[in-house]
Structure formats: C-alpha cells, structure tokens
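User: I have a structure open and would like to go through it piece by piece. Can you help me read it?
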Protein chains: 2
Amino acid sequence: MRIAELSRQTGVPIPTIKYYMREGLVPPGERTGPNQARYGEEHVRRLRLARALVEVGGLPVASAREALAMIFSSGISEFDVLGKAQYALTPPRERAEDDAWDEAAAQVDELLARRGWQVKPGNPARRTLADALATLRRLGQDDYLDLLETYAETAERLADTEVRAIGRRGDLHAMTEAIVIWTALGDPLLASLRRLAQEAQAARLLGGTAEETA
Amino acid sequence: MRIAELSRQTGVPIPTIKYYMREGLVPPGERTGPNQARYGEEHVRRLRLARALVEVGGLPVASAREALAMIFSSGISEFDVLGKAQYALTPPRERAEDDAWDEAAAQVDELLARRGWQVKPGNPARRTLADALATLRRLGQDDYLDLLETYAETAERLADTEVRAIGRRGDLHAMTEAIVIWTALGDPLLASLRRLAQEAQAARLLGGTAEETA
DNA sequence: CGATAGTGGAGAGTGTCGCTATCTATAATT
DNA sequence: AATTATAGATAGCGACACTCTCCACTATCG
C-alpha cells in the first residue's frame with residue numbers, strides 16, 4: 001500500500017500523514033526505492049489511533065507520540081502500563097502553588113486516605129485534582145464537599161468496571177492499547193454523558209420541558 | 001482599586017488583564033479621568049472566574065466570554081440556563097459524518113430513549129458523544145457496550161446530585177454561576193478522580209503495589 | 001515643586017501549535 | 001512519452017493567547 005491508499009483508508013490528508021511521520025506518531029514505511037515505501041495494516045491502525053487521540057481525545061501531538069510509543073513497545077510490565085499511560089496522557093502544566101493550593105493538596109491526600117485509594121505520589125492526576133479543588137475554593141464554591149464525595153464514589157464505580165473490563169483482555173498489547181484508548185477517550189465520553197444527563201435531570205427536577213423553553 | 005491591586009488580588013498579570021478587557025471577559029472600569037479608572041469587587045470576582053474557566057477549565061477565550069456574559073446578564077429564564085451554558089461551554093468542532101458516525105448517532109438516540117433522558121435535539125453533547133462512540137467503533141473497541149452502560153449510569157447519578165445541589169441555591173444569579181463553574185470545572189475534576197481511582201483499583205485487582213513496580 | 005513611578009488604552013510583536021504548501025529527484029502508470 | 005504519484009526536506013500559514021511598546025497623562029513621594 002502506498003501513501004494515497006493509506007490516506008484514503010484513514011481519511012487523514014497526505015500532508016498530515018507526512019507530518020505525523022516526521023513527528024514520530026507513525027513509523028516510516030518499508031523502503032523499496034529512493035522515493036518509494038510500502039505501508040501495511042499496522043500503519044493504518046496506528047494512524048487511526050493517532051488521529052483519535054489527537055482529534056477526539058484532544059491530546060497534544062507530543063503526548064500522542066508518547067502514548068503510541070508505549071503501545072507499540074515491547075518489554076513493558078503489566079503493572080507499569082497504567083501509570084505510564086497516565087503520565088503520557090496528562091498534558092504537563094505548571095502552576096503557582098499558593099496557600100489555597102496547599103490546602104487543596106492536603107484535601108486530596110485526605111480524600112485518598114479516607115477512601116483507601118493507594119496512589120503513587122507522582123501520579124499527575126493528584127496535581128490536576130488539587131488545581132481544580134483550589135480553584136473551586138477561590139471561587140467561593142464552598143459547598144462542594146458533598147458533591148466531591150459523589151464525584152469520588154462515582155469515579156470509584158467507574159474505575160472498578162473499567163479495570164475489570166480491561167483485565168479481561170488476553171494479551172498485554174491489547175490491554176495496553178485499551179488502556180490508552182479508554183484513558184484518552186473516556187474523558188470526552190464521560191463529559192458528554194454528564195451534560196446529557198444534566199439536561200435530562202434538570203428537565204425532570206426543575207420542571208422544564210425537553211422542547212425549547214423560551 | 002486600580003489595576004495593580006486588581007492584578008495583585010487575582011494573580012493575573014496586568015497585560016493579561018488588559019487583554020481580557022479588550023476581549024470582553026472583564027468589563028472596563030469606572031472612568032475617573034482620561035487615563036484613570038476604578039475597579040471594584042465585581043471585577044475581582046469576574047476576573048477570577050475568567051481565569052478559572054480558561055486555565056483550569058481549558059476553555060477558549062471566546063467561549064469564556066460567552067459564559068461570563070451569560071452569568072452577568074439579566075433576563076435569563078431559569079429553564080434556559082443549563083442549555084445555554086452547555087452551548088457556550090462546548091467548544092465548536094466540525095467533523096466528517098461518515099457511516100460509522102451515523103450509526104453512532106443512532107446509538108446515541110437509542111441510549112437516550114432507553115434511559116428516558118429527555119434531551120433537546122440541539123444539545124452539542126449529542127455530537128460529542130457520537131464522535132467518541134464512532135471513534136471507538138473505528139478503533140475496534142467493540143466490547144464497549146457494557147462499559148458504555150456503566151458510564152451512562154454513572155453520569156445519571158452524578159447529574160442527579162449536581163442538579164439537586166444547584167437547585168438548592170437561592171437566586172438565579174448564584175445558580176447560573178454555579179452551573180457555569182461546575183459544568184466547566186467538573187470535567188477536569190472528574191477526569192482526575194477517574195485516573196486516581198483507576199490506579200487504586202488496578203493496584204487492588206491486578207495485584208500491583210502502590211510503590212514503584214519496576 | 002519636581003522627579004519618579006503608575007495608568008488606561010491601542011497597536012504591534014511573540015511563541016507555540018498543528019498543520020499545509022512547495023520543492024526536488026525519482027518512480028509508477030497510462 | 002507524457003502524466004501522475006511519491007518520499008523526504010524545508011518553509012510558510014493561520015489561529016491563539018498572550019506580551020510588549022508606546023503615548024499622554026496622573027498620582028505620589030521627598
């Protein structure tokens with residue numbers, strides 16, 4: 001298969017494919033001449049995956065590269081997969097750590113302890129969570145404590161189902177792939193469902209209708 | 001209060017404040033001279049809110065402007081708030097609608113019907129959800145149906161708690177503000193919690209430890 | 001009173017990101 | 001033989017979120 005066919009099958013424009021190859025999201029084809037190369041099914045899979053992470057998952061290209069590298073590398077222990085995926089998939093951010101943030105960080109630790117969640121100190125989600133909590137605090141949404149509890153319970157149920165589902169997969173490669181895909185795409189999936197459910201519940205509880213309510 | 005104090009209280013650099021004023025995220029101060037203006041507590045609140053939406057919520061500046069305009073406008077019906085907030089907070093995206101997408105859209109309709117969620121046809125989350133489902137399908141994650149069900153249940157529980165909590169607020173302005181804040185910040189909050197819960201569950205179920213498992 | 005620092009406002013400049021266009025020498029296809 | 005496609009390299013583009021510079025003025029400190 002040559003590049004035109006690769007583009008046709010995946011819907012990704014040829015210049016973009018070339019760009020992704022330069023950036024290492026997709027490996028080069030098997031060379032058959034000075035200006036010829038052959039691509040296979042793996043390229044199709046990998047390109048589709050790259051596209052999904054970037055377009056739907058909203059990942060920066062650099063993070064997508066790391067995630068893809070992880071999937072297609074051998075020698076990863078099954079205990080590392082999740083942690084490494086989370087590192088690769090959480091876009092880096094730097095933030096001032098003021099008083100409100102420190103309190104929020106303590107609140108995170110307390111939450112983890114109370115729920116018995118054993119989480120590595122380096123997990124980047126700790127930072128993200130502390131950021132969000134500190135922000136809520138600064139905005140005066142002080143009644144968020146009971147909501148936070150519901151969020152946490154909810155996350156726990158979800159994670160339980162997810163980990164079981166992924167653990168059911170046979171080989172390590174399929175598991176790794178599923179972890180990356182679901183970590184990245186689960187966020188928008190859940191966000192959409194939450195919005196839809198919110199509208200439905202609002203209509204039910206507050207008495208609005210599902211039609212235009214102008 | 002002049003701009004330096006505004007900057008100090010919020011931690012936002014002066015040039016950025018000026019930029020936000022140009023972009024309409026924050027209204028101009030009350031003029032007291034050719035090159036003097038006074039800012040009040042409302043500016044502080046609004047600036048903090050703008051910053052939260054952009055930095056933590058990850059919203060484009062244009063969307064943040066819409067959301068802020070909604071909060072600080074009068075004459076919004078309480079039945080419109082949620083829908084309008086969701087419109088303002090869902091960044092626009094265009095996408096090719098191929099066969100897989102059409103199937104996914106049908107699957108969304110079916111899901112909404114089955115769960116009895118009454119959702120307006122125009123809710124942008126329908127598109128986002130269909131995008132995510134279509135992508136999962138294209139990636140061959142075909143066993144996602146039971147997971148989807150768990151996600152939906154989860155979203156429902158969450159939305160129930162959220163809508164009740166927000167409905168408890170007295171006036172419309174506080175409600176509107178809370179809706180915007182929680183819609184925007186709930187996403188990263190939930191995403192972090194999901195990641196933390198995943199790591200904890202993985203350690204528990206797959207036998208890894210919480211320490212480095214190299 | 002004068003020197004210095006700060007102000008509001010407008011326009012231009014900057015850095016990053018994700019592509020997209022152009023070029024060249026070659027190869028495949030018609 | 002003429003046309004089209006290709007790999008790879010380099011350069012350019014448009015959007016975005018700031019950030020800098022300048023100006024005429026104002027506030028404030030010694």
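Analyst: The residues of the surface near DNA strand D divide into 11 nonpolar, seven polar and four charged. Keep in mind that this is a predicted model.

User: Which residues come nearest to DNA strand D?
Analyst: There are 22 residues around DNA strand D, and the nearest are Ile3(A), Ala4(A), Asn35(A), Tyr19(B) and Val61(B).

User: And which elements do the residues near strand D come from?
Analyst: At least two residues each come from α1 (3-10) and β2 (36-38) of chain A and from α2 (14-22) of chain B. The most come from α2(B), which gives four residues.

User: OK, now DNA strand C. Which residues come nearest there?
Analyst: Tyr19(A), Pro60(A), Val61(A), Ile3(B) and Ala4(B) come nearest, out of 21 residues around DNA strand C. Two or more residues are given by each of α2 (14-23) of chain A and α1 (3-10) and β2 (36-38) of chain B. With three residues, α2(A) gives the most to this surface.

User: Changing topic. How are chains A and B related?
Analyst: Chain A superposes on chain B by a rotation of 180° with 0.0 Å of shift along the axis, and the RMSD is 0.0 Å. That is why the relation is that of a two-fold axis.

User: Which residue of chain A comes closest to the rotation axis?
Analyst: Thr154(A) does, with its C-alpha at 3.0 Å. Both copies use the same surface, and 100% of the contact residues of chain A recur in chain B.

User: How many residues does each chain put into the contact?
Analyst: Chain A puts in 72 residues and chain B puts in 72 residues. On the chain A side, α3 (41-56), α5 (81-89), α7 (124-138), α8 (144-167) and α9 (172-206) each supply at least two residues. The largest share comes from α9(A), with 23 residues.

User: What classes of residue are on the chain A side?
Analyst: The side of chain A that touches chain B has 38 nonpolar, 19 polar and 15 charged residues.

User: You listed α5. Is α5(A) mostly covered or mostly open?
Analyst: Mostly covered, as seven of the nine residues of α5(A) are buried. They are Val81(A), Leu82(A), Gly83(A), Ala85(A), Gln86(A), Ala88(A) and Leu89(A).

User: What covers the buried residues of α5(A)?
Analyst: The cover includes α4 (61-71), α7 and α9 of chain A, together with α9 (172-206) of chain B.

User: What about the strands? In which sense do β1(A) and β2(A) pair?
Analyst: Strand β1 (residues 30-33) of chain A pairs with β2(A) in the antiparallel sense, over three bridges. The two strands form a hairpin with two residues between them. One bridge partner to look at is Arg38(A) in β2(A), which pairs with Glu30(A).

User: How many helices and strands does chain A have?
Analyst: Chain A has nine helices and two strands. Along the sequence the pattern is α-α-β-β-α-α-α-α-α-α-α.

User: Last topic, overall size. What is the radius of gyration of chain A?
Analyst: Chain A has 21 Å, whereas a compact globule of 214 residues would have a radius of gyration near 17 Å. The C-alpha trace of chain A spans about 65 × 50 × 40 Å along its principal axes.

User: And what share of chain A is buried?
Analyst: Buried residues make up 42% of the 214 residues in chain A.

Technical notes: Residues numbered from 1 in each chain as written. Chains lettered and ligands numbered in written order. Predicted model: local features only at pLDDT ≥ 70, side-chain atom pairs only at ≥ 80, totals over all residues. Contact = placed C-beta atoms within 7 Å. Nonpolar A, V, L, I, M, F, W, Y, C, P; charged D, E, K, R; others polar. Near = placed C-beta within 6 Å. Pairing = 2+ DSSP bridges. Buried ≥ 20, exposed ≤ 12 C-beta atoms within 10 Å, placed from the backbone. Least-squares fit on C-alpha atoms with pLDDT ≥ 70 in both. Rg over C-alpha atoms; globule rule 2.2 N^0.38 Å.
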